[in-house]
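Here are some notes to read beside the structure.

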Amino acid sequence: MFLAWRELVFARARFGLMSGVVALIAILVVLLSGLSSGLVNDGVSGLQRLPVTAFAFAEGTKTDSAFSRSTVNVSQAEAWKGRPDVGDAAPFGNMLVNAKATTAAGTQVPIDLALFGVEPGSFLAPAVSDGAKLGDPDGIVVSQTVLDEGLALGDTVVIDRLGTRLKVIGTTGDQRTFGHVDVAYLPLRAWQQVHAGAGPGDEAREGAYEEATAIALRARDGSRIDLAGGDAAAGTTSMTLEDSFSASPGYSAETSTLTLIQVFLYAISALVVGTFFTVWTIQRKHELAVIRAMGASTGYLMRDTMIQATVILAGSTAVGFLAGVGGGTLLTTTAMPFALEAGPLVLAALLLVGLGLAGAAAAVGRIVRVDPLAALGGQR
């Protein structure tokens, strides 16, 4: 360890430059991790907060667009309820609408909403942090992010083209979005009328009040739902809650793109660290040969080099992550979908350090095993 610490002190400019590069990569990793978590929250937080184990869609529905293509009959919920591994099943409506919100001051604000149609009193009905629970025929419970945009309890939302008026009666108190659009819960019957394109006072087409987007399933305590068996009995195509995230608009494309960028950053980090230690070790090849000639083992030299790599990677990663978290905290106050979560950040730090150490070990492995006589020019 003496040699490792001595070189860190006397070659601090070189090691400082390398540390700066790793710190910049760490900042990028933090920002990408926060952006990835933010996009997930902004895309599927409405689904994540549903007490649902799985969704059963119409039979044969394409899984990548199930929420926009599927239409089931509410009676299919009864077929699922009768199964021993299902604790509860309820029809669930989902659609995106354009609307205008009329505030208490009388001004109109354009707004987009993801309407979640649920039966009041069912396990899908949202808990409210402020206002009234879902129950009024024209009442909606909205995501807290809707109120952050200027709406308030008691304001009226008018759906474009239909003229359907919905009153904000409660809020969930947290962010609930679907496809980057704020969620509004409303009674299933009101959702069915909107879904059928019926305006105020109009009678919906025949069969409209028997339709829903999917059947929401909740597993019985201690049980795992047999999705294949339930599909065969109810005539549906089901997927777990996590799998259903891919049916949210843009979810798969966004997450896969950011994941690919993060993978390249990890690979670049390993390559940069490995290249640095390759060049550094080649430059001190003769010094290593002298140490080998004095009786130092290959393991000793490897440990010496890995200590240097660990100090650089751990220190610069910590600095980079602190800087990234500080910058990310500022981004959370903007409209950008950005969220810092401890789990992904810890995993990113471990990967950055681990892959960097792997790159350093691969780079110096052959060089530290050099023959002392050859390195000292004995062949001449």
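1. His 180 counts as partly exposed, because its relative accessibility is 30%, and the partly exposed class lies between under 20% (buried) and over 50% (exposed). Keep in mind that this is a predicted model.

2. Where does His 180 sit? It is in the loop between strand S9 (177-178) and strand S10 (181-187). Look at its backbone too. The phi of His 180 is positive, near 65°, and the residue is not a glycine. Most residues other than glycine have a negative phi.

3. Now turn to Arg 161. This residue is another non-glycine with a positive phi, about 70°. Find it in the loop between strand S7 (156-159) and strand S8 (165-171). Is Arg 161 buried or exposed? Arg 161 counts as exposed, because its relative accessibility is 80% and the exposed class starts over 50%.

4. Helix H6 spans residues 188-195 and is mostly covered. How many of its 8 residues are buried? The count is 6. They are Leu 188, Ala 190, Trp 191, Gln 192, Gln 193 and Val 194.

5. What covers the buried residues of H6? The cover includes strand S3 (86-102), strand S4 (108-118) and strand S11 (211-212). S7 and S10 also take part.

6. Check what comes after H6. Gly 197 follows the helix, and its phi is positive, near 80°.

Methods: Residues are numbered from 1 along each chain as its sequence is written. This is a predicted model: local features need pLDDT of at least 70, side-chain atom pairs count only at pLDDT 80 or more; totals for chains, interfaces and linings use all residues. Side-chain values use heavy atoms; hydrogens and water are left out. Helices (H or I, at least four residues) and strands (E, at least two) are DSSP runs, numbered from the N terminus. Buried means under 20% relative accessible area, exposed over 50%, partly exposed in between (1.4 Å probe, protein chains only). Contact means heavy atoms within 4.5 Å.
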